[in-house]
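Student: I'd like to go through this one with you, a bit at a time. Can we start with what's covered up, then move on to the sheet?

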Amino acid sequence: MKHHFLKSALVACAIAFLQNSGAQTDSRPVVRVAVQQVANSGTLTPLREQSNVGSRSFPMIYAGLIDLDRQGDLSLKPGLATSWKRIDDFTLELKLRKGVKFHNGDEMTADDVAFTFGPEYMFGSTKPLVVGQVASTIATSTNQTPATAVKLPAATLPPEVPAVARRMWPSLAQVKVIDKYTVRFINSAPDLTLEGRLARSSEIISKRAFLEAKDWASWARSPVAAGPFKIKEFKPDNSLVLSAHDAYFGGKPSVKEIRYQVVPEVSGRVNGLLSGEFDFVTDIPPDQIKTIEANPKFEVVGGPVLNHRIIVFDKNHPQLANPKIRLAMAHAIDRDAIVKSLWGNRTTVPAGLQWEYYGPMFQKNWSVPKYDPTLAARLVKESGYKGEPIPFRVLNNYYTNQVQTAQVLAEMWRAVGLNVDMQMKENWGQIFETANSARGVRDWSNSAPFNDPVSSIVNQHGPNGQQQQMGEWKNNEFNTLSTLLETSTSMENRNRAFGRMLEIAEREDPAYTVLHRNVVFYGKRKDIQWKWSPTFTMDFRAANLSMPVSGK
């Protein structure tokens with residue numbers, strides 16, 4: 001009897017050991033992605049990292065209240081909220097999904113949503129825009145201290161965090177908890193775009209995890225959210241490793257890890273793909289497509305995205321103070337030639353800073369300044385310009401074909417009598433700095449994260465937008481119209497305001513000039529089933545990714 005008991009115990013131990021060993025073995029493949037950069041700011045929070053490169057991976061870490069059909073028509077769809085309804089022009093009520101787990105295992109509730117949109121995490125001491133008030137640029141040189149007296153990590157919020165938060169949510173006054181799974185977003189001014197704003201920026205975080213973080217910087221490099229993957233390792237400017245969040249409400253990921261490796265040079269990314277080091281590579285220029293597809297194991301996918309490449313002016317520079325010089329620079333650009341020579345006609349020249357999916361807000365009779373070198377030269381002469389150098393700050397292919405585009409632009413500007421000094425910079429800090437020299441012209445891009453012009457022209461160039469925050473450009477009439485566009489409930493008035501804003505920012509007092517619609521091409525293994533999105537996001541959720549089990 002004793003012998004039988006001992007034998008049974010040994011068998012039970014063996015079975016338990018095998019079961020535990022099996023549980024620890026994850027046979028799912030790993031996705032390896034070569035990127036030109038992971039994050040510009042060295043952080044992984046959208047409230048600090050507002051960039052195209054961050055947009056690529058953040059939706060894999062975070063989940064929003066409202067999602068987008070990223071591979072389809074970009075329509076709104078349930079996310080962390082299962083439904084939503086308008087109470088009035090100021091208020092939107094959302095029903096939250098039950099049973100959602102954060103990366104730390106906590107359940108998401110209305111308290112987490114309210115905290116995410118509160119002063120401790122997002123807004124600091126900033127105040128919402130009210131009806132009749134014209135938005136003013138939020139200072140970024142002073143600390144924004146939460147109103148609460150409790151000592152929290154947010155007490156040292158970087159000033160740009162509440163500035164970005166108010167750019168995205170200018171009139172949000174409160175997120176009110178109705179019950180454990182119901183919240184109301186309450187504005188201090190009418191906002192017809194609340195649903196779109198939620199689809200663009202409602203990444204909910206774990207309240208407990210944030211309050212337990214050592215400090216804001218520690219949190220920002222390892223945030224705890226509810227997306228399909230959680231952070232395993234982050235080495236700024238080098239790599240990011242995400243591991244599967246198997247409790248993800250949208251379904252268990254089909255891969256165990258995503259490994260993003262920074263490879264700045266295009267040739268390094270292409271060679272890494274062809275040698276088998278990477279499964280995906282980003283930002284492939286058109287002239288490399290044939291190289292990749294010459295190997296039958298690989299293919300290139302992608303196309304135009306909801307982002308326009310633009311050139312931005314700092315009108316504080318002595319040579320750019322006269323709007324005729326800025327307009328001359330806009331008329332000197334042969335955009336069709338750039339699209340043909342550098343992009344092989346794989347993209348288009350848009351009708352200014354707008355997108356057709358704005359629907360009734362799209363200005364059909366608007367266009368970019370026409371290519372007219374004779375007019376440009378005349379404007380240069382009329383301005384009294386004497387040939388003084390105009391600095392043009394450029395990064396080394398942060399954008400695909402960036403250096404080549406800059407070289408072409410510099411020659412086009414010289415052809416109409418402008419002395420443009422192209423200056424290569426290493427990072428965005430050097431692009432924006434003013435301590436050693438005056439800024440002049442720089443590269444940039446603008447996205448349209450939801451289908452209304454406030455998502456782009458106001459968000460980026462309005463009073464709380466980056467261009468005005470950086471002190472490059474300001475126009476009082478434009479700012480008044482920005483507030484009208486954000487708070488009016490009359491589509492007729494909003495449409496008229498947007499048209500006038502385009503006139504100001506692209507003709508009368510140029511803030512920027514649009515070059516072409518941005519394009520993103522990905523090189524990938526052909527045996528991987530994956531669909532690209534025009535939103536910059538590389539979606540590696542189970543529904544959009546199928547890899548051979550044998551994949552490394």
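This is a predicted model: local features need pLDDT of at least 70, side-chain atom pairs count only at pLDDT 80 or more; totals for chains, interfaces and linings use all residues.

Student: How many of the 10 residues of helix α2 are buried?

Tutor: Helix α2 spans residues 52–61 and is mostly covered. Asn52, Arg56 and Phe58 are among the buried ones.

Student: Is Ser201 buried or exposed?

Tutor: Ser201 sits in the loop between α6 (194–200) and α7 (207–212). Leaving out residues up to four places away in sequence, Ser201 touches Phe117, Met168 and Trp169. Its relative accessible area is 3%, and the cut-off is under 20%, so Ser201 is buried.

Student: Which residues touch the most other members of the largest nonpolar core?

Tutor: That core has 78 residues. Another core, of 43 residues, lies apart from it and includes Val263 and Leu418. Back in the largest core, the residues with the most member contacts are Leu65, Phe117, Trp169, Phe185, Tyr260 and Phe540.

Student: Now the sheet: which strands stand at the edges?

Tutor: It's an open sheet of 4 strands with antiparallel pairing, in the order β4-β5-β7-β6. Each edge strand has a single partner, so one side of each is left without a neighbour in the sheet. Those strands are β4 (81–88) and β6 (172–179).

Key: Residues are numbered from 1 along each chain as its sequence is written. Side-chain values use heavy atoms; hydrogens and water are left out. Buried means under 20% relative accessible area, exposed over 50%, partly exposed in between (1.4 Å probe, protein chains only). Helices (H or I, at least four residues) and strands (E, at least two) are DSSP runs, numbered from the N terminus. A nonpolar core is a set of buried Ala, Val, Leu, Ile, Met, Phe, Trp, Tyr and Cys residues joined through side-chain atoms within 4.5 Å. Contact means heavy atoms within 4.5 Å. Two strands pair if DSSP finds at least two bridges between them.
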